[in-house]
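Take a look at the model below.

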Amino acid sequence: ALARGLIRPPSHARWPGSGSVAAAAPCVTLPRRGLSAIPSAAAAEPAEVAGSASPPASGTVNAPATQAPDEPRDLAAIVPREATAEGADGSTAGSTAAVGEGGDGRRASQGILQARKEGRYSAVIELFEALTASGEASDARVLDAYVEAIAVTRSVAEAEEVCSAALAQREGMGRTAATYAALLKGCGADKGAALQLLGKMKEEGLAADLGVYHELVSVFTAARDFAAAEETLATMRHGGVAPTTATYYRIINGAFRHDEAAVAYQVLCRMVEEWRTPDQRAYDRMLQHFVRLDHAEGQLRCLEGSLELQGGADAGRKIGYLLRQELERQEQPSLPKVAALWALAERRGVELHRRQMTGVLYALMQLDRHVDAFRAEGV
């Protein structure tokens, strides 16, 4: 079993002035993926978050299907992944052939929309051009998909030219808020270009909708302007558009991508205060990012939120995991975090391993919380 890595002897962390403290709790070692190995009450993959049907802007955290053992799982359940591959072989020949050989325009349009959803922009361009060459008409959603593909893979300026030329040939069609959301997708971290598009949209008398605001938030987070991203939440409300959980997730995703744990924690707290509660899977994955970035407050907030949703299920394993990880640090553990984890365990009726309790007692004594130390020891 030792050779297979299933068990290991307890490790010992020596703290200044405390002697040798056995810090490893149970001998069973969790896989190095961390909390992704802990069974969750929400085992099934949740549906996409409302308001995020299209792929997120470049820079959004995602969870690949395969990943290195040490890599923390990401927030794929929060925001859908923006794929860039064109499929298993990178080919769309079968789809374009169907259009060229008399395949109906409806099927081609569905293929374009699906490719857009999956972020396969080369396929969008190829299918749209084949559809146009066949003489089939395309609706506004399909045209917006094409505009988005050009904006992301080439430039926003070229996408605007393509859009204007296409609309000139389509009587009764014009730019909509969805068109501008597609153009914003290509801005990346260029705040100036995004604000220019917003100005043009207002000049045309178009009101920003949820999709436009989401893309604007993605631009701000990509540019690491998290203050502007949060200000967008107030702008949305003034415009009569209520932020959704997906809106907050975009800011949190951007913060994690740039290793800004404090920003992610601030937005998470604001999100909960404004009655936008994360689901179980989101809490678990955010918890892993806070662990990766060593942000104690974020870890505790996610752990408490997760336990509230689960009603106590797996509380002992999750608390024990974080406590053991803290006690096994090479440097001095965070004593306030150790004490907070013990307090949470006490509230939840979780019995900690005696070796973990040794570390808890030391932390409480060092923090001059002698009464709590006596209570923890059962005196």
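**A helix pair and a buried phenylalanine**

The model is predicted: local features need pLDDT of at least 70, side-chain atom pairs count only at pLDDT 80 or more, and totals for chains, interfaces and linings use all residues. Residues are numbered from 1 along each chain as its sequence is written, and side-chain values use heavy atoms, leaving out hydrogens and water.

The axes of α8 (residues 210–222) and α9 (residues 226–238) come within 7 Å and cross at roughly 165°. The two helices are therefore roughly antiparallel (an angle over 145 degrees). From α8, the contact (heavy atoms within 4.5 Å) uses Leu210, Tyr213, Leu216, Val217, Phe220 and Thr221. From α9 come Phe226, Ala228, Ala229, Thr232, Thr235 and Met236. By class, that makes nine nonpolar, three polar and no charged residues.

Now move to helix α12 (residues 280–292), where phenylalanine 290 is found. Phenylalanine 290 is buried, at 0% relative accessible area (buried means under 20%, with a 1.4 Å probe and protein chains only). Its contacts beyond four places in sequence include Phe256, Ala261, Tyr265 and Cys302. Phenylalanine 290 and alanine 261 lie 29 residues apart in sequence, yet 6.5 Å apart in space, C-alpha to C-alpha.

Cysteine 302 is buried too, with a relative accessible area of 0%. Its sulfur is 9.0 Å from the closest cysteine sulfur, in cysteine 269, too far for a bond. With a disulfide taken as two cysteine sulfur atoms within 2.5 Å, the count is zero.

How values were computed:
Axes fitted to C-alpha atoms, helices over the stretch in contact; angles between N-to-C directions. Helix = DSSP H or I, 4+ residues; strand = E, 2+ residues; numbered from the N terminus. Parallel < 35°, antiparallel > 145°, perpendicular 65-115°, else oblique. Nonpolar A, V, L, I, M, F, W, Y, C, P; charged D, E, K, R; others polar. Buried < 20%, exposed > 50% of the residue type's maximum accessible area, 1.4 Å probe, protein only.
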